[in-house]
Amino acid sequence: MSGGRISTLKIAVGNIVHKRFRAVCIVLLIAVSTLLITGGTMLGFGLTGGVKSINARLGADAMVVPRSAGESYEGALLTGSPSTFYLTKGTVERVLQTEGIARSSPQLFISTFDSAHCASLVQIIGFDPKTDFVVTPWLKTASVTEPGYGEIVIGNNVQLVVGNKMTVFLLELEVVGKLDKTGMGFDNSVFVNMDTAKMLLTEYEKFDGATPLPEGATAEDVYSAVLLDVEKGVEISSVQRKINLGFRDDDVSCVASQTILESTAKNLNLVIGVLTVLLAAIWFFAVFVLAIIFTLALNERQREFGILRAIGATRRKLTAIVITEASLLCGAGALAGVGVVCLIVFPYSTLIERTLKTAYLPPQSLVAAAILVLCGVGCAVTGPLASLFSAARIAKNEALANIQEG
Amino acid sequence: MLLETIDLTKSYERRGERFYAAYNVALSVESDDFVCITGQSGSGKSTLLNLLAGLLHADSGSILLDGEDLCKLNDAGLAALRGSKIGYIPQGNSLLQNFSVLDNVCLPWYLTRKSNVRAQARELLARVGIAHLERENPASLSGGEARRVAIARSLIANPSVLIADEPTGDLDPKTTDDIIRMFSEVHAQGVAVVVVTHEREIPSFTTKHYVMENGHLALQ
Ligand SMILES: Nc1ncnc2c1ncn2[C@@H]1O[C@H](COP(=O)(O)OP(=O)(O)O)[C@@H](O)[C@H]1O
Ligand SMILES: [Mg+2]
């Protein structure tokens, strides 16, 4: 030890080592706070990213699904939960006669979730390359070629790589592309062209006995959903109303993408609000508890500080010691917290997505790094901040001269 | 005159009543003095020493050290004095438990300066007869050993005056003799000594003996 500044550090470290239990408690407190605050912030960003992703991915103005599908179309969209619902071709053709529709493209859903003859549990989405205006752009941005007959393009969470084969209903389908992460159900989905989809649905029926199709219908006769864009200048809601009223007696429901987005966004705003308040509360709580700990410690350390003063320490030096100690402890805590976040949040982000049952797109690495650094620093400063109270007391407390024993 | 107080007064308040722990104190210390202060517990001896070391602010009066009035110095100025001209040994065991014996001795130096002082610290530990204990933790020392470390520490910056508050207070007679002898050696090296002690322990080479009673200091 030598030099003015080094003595501050050495005295601070000495005090920390000497009061190990207290040090461990403070480090734990800050580590847990940092974990919660950083993890919570990541979560907030992931949810926001999810909604932004929905916005970007809802390439169609509206979607026609069976009314009996209830809200399960939303599940298919947001979490990729199993959806098997079907509209007959006849109905679809009639619906598409509705005025104001600019373009449309059918999709066919098949779920392998409940079949023993599939290697993995995925939602298969069949699209029609001839009319499609939603899936094709995604393929383009991911530089993926259109899947041919018997080929599949997989969502980002599907644990396969291009060139692998996926067994579906005992058929081997080759993976020809993998999509970018969306944070939505599409990450757990598999995309095929309409011919493949019909073939798979036929196979499904063979294996499953009980057909999920409407009575008398074959795979050739059905679609699961039809994506719509309305004509320029036509209100989406008016087309939606026309369909919902005009086909009241059929099992048909038209859902506007905006509705899905709005309800999700509204929930999200609430969640983000609560999250923000909660995280701020945790931060203030940490500062508050630390301030109490440091103040109590100060009382206990009157004599120690008195002695330091008696041998030549200025009050400013004592203040520096207290603040250095707090900074070291909280710095270590924040570092530990951020470390745990890295260990937990990143490897398990897929699990988190699944658990959340909503669109979740974790921040990109650069943003994530910025969050880690800012939250880490934000939590590390709780120490010096809380120690300012004790520092102020040192500055004005004459009793520090009172170095009677005890 | 090395150290002199003029009408030095310090009062405290207890249960709304003001009382004087030091009242119009006149103390004078020449550079070759060995000053003993005795007095009952609670008579204000520690208060006086704390005032001399600039740890307490006086209500009124002045303290002159080498002609400089301590009462006019700020905190940093006083701290600098305690790290140089004044060697102060607080009452009781005043070693910092977080540091080794050697580091304890070095500390006053490091608090104000940047150069290394270990060699001098070792020399001082040898002078007070405990060179072999430099790596120990203060908690493992006996009362007499701890007092020797405190003496070594107070001398690290070559002070012109050593102020010690009951340095033999809790020691057995044999150890008390050893410590007193150590003070006499320090005194012989040309350091003025001001020590609060018991009536029966006043050494023969004392040059001035003050008695404190209810905040009043009188030369015996
Ligand atoms: N900070 C303080 N506030 C109030 N009273 C004090 C304070 N410090 C000392 N005293 C009182 O001042 C008197 C002198 O104390 P002190 O100088 O410690 O006496 P001594 O060292 O002679 O035993 C005692 O009555 C003591 O209780
Ligand atoms: Mg006393």
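These exercises, with worked solutions, concern a predicted model.

**Exercise 1. The interface of chain A and chain B**

Describe the contact between chain A and chain B: how many residues take part, and how many salt bridges are there?

Solution. 
Step 1. Start with the residues in contact. On the side of chain A there are 29 residues, and they are in contact with 32 residues of chain B.
Step 2. Take the buried area. The two chains bury about 2,700 Å² between them, and 57% of this area is on carbon and sulfur atoms.
Step 3. Turn to the charged pairs. There are 3 salt bridges between chain A and chain B. One of them joins A:Arg315 to B:Asp75, with 3.8 Å between the closest N and O atoms.
Step 4. Count the polar contacts. Across the interface, 9 residue pairs are in polar contact, both residues being at pLDDT 80 or more.
Step 5. Find the helices involved. In chain A, helix H1 (4–18), helix H9 (302–310) and helix H10 (315–345) each supply at least two residues of the side that touches chain B. H1(A) gives the most, with 8 residues.
Step 6. Sort the residues by type. The side of chain A that touches chain B has 9 nonpolar, 10 polar and 10 charged residues.

**Exercise 2. A residue of helix H1 in chain A**

State whether A:Lys10 is buried, partly exposed or exposed, and how far it is from A:Glu325 in sequence and in space.

Solution. 
Step 1. Locate the residue. A:Lys10 is part of helix H1 of chain A.
Step 2. Read its accessibility. The value for A:Lys10 is 30%, so the residue counts as partly exposed.
Step 3. Compare the two separations. A:Lys10 and A:Glu325 are 315 residues apart in sequence, while their C-alpha atoms are 9.8 Å apart in space.

**Exercise 3. The surroundings of a serine**

Work out whether A:Ser224 is buried or exposed, and which residues it touches.

Solution. 
Step 1. Locate the residue. A:Ser224 sits in the loop between strand S9 (222–223) and strand S10 (225–230) of chain A.
Step 2. Read its accessibility. With a relative accessible area of 0%, A:Ser224 is buried.
Step 3. List its neighbours. Leaving out residues up to four places away in sequence, A:Ser224 touches A:Val64, A:Val65, A:Pro66, A:Phe85, A:Tyr86, A:Leu87, A:Gln107, A:Leu108 and A:Phe109.
Step 4. Look at the polar atoms. A polar atom of the A:Ser224 side chain lies 2.8 Å from the backbone nitrogen of A:Phe109.

**Exercise 4. Salt bridges within the chains**

Determine how many salt bridges the whole structure has, and describe examples from each chain.

Solution. 
Step 1. Side chains of opposite charge can pair when their charged atoms come close.
Step 2. Take the total. Over all chains there are 22 salt bridges.
Step 3. Examine a pair in chain A. A:Arg22 and A:Glu300 form a salt bridge, 3.8 Å from N to O. A:Arg22 is in helix H2 (residues 20–57) and A:Glu300 in helix H8 (residues 257–300), so this pair links parts of the chain that are 278 residues apart. A:Arg22 is buried at 18%, whereas A:Glu300 is partly exposed at 48%.
Step 4. Examine a pair in chain B. B:Arg122 and B:Glu134 form a salt bridge, 2.7 Å from N to O. B:Arg122 lies in helix H4 (residues 118–127) and B:Glu134 in the loop between H4 and helix H5 (143–155), so the pair ties together parts 12 residues apart in sequence. B:Arg122 is partly exposed at 37%, and B:Glu134 is buried at 14%.

Key
Residues numbered from 1 in each chain as written. Chains lettered and ligands numbered in written order. Predicted model: local features only at pLDDT ≥ 70, side-chain atom pairs only at ≥ 80, totals over all residues. Heavy atoms only, no water. Contact = heavy atoms within 4.5 Å. Buried area = accessible area lost by both parts, 1.4 Å probe. Salt bridge = Lys/Arg side-chain N within 4 Å of Asp/Glu carboxyl O. Polar contact = N/O pair within 3.5 Å; in protein donor to acceptor, adjacent residues only side chain to side chain. Helix = DSSP H or I, 4+ residues; strand = E, 2+ residues; numbered from the N terminus. Nonpolar A, V, L, I, M, F, W, Y, C, P; charged D, E, K, R; others polar. Buried < 20%, exposed > 50% of the residue type's maximum accessible area, 1.4 Å probe, protein only.
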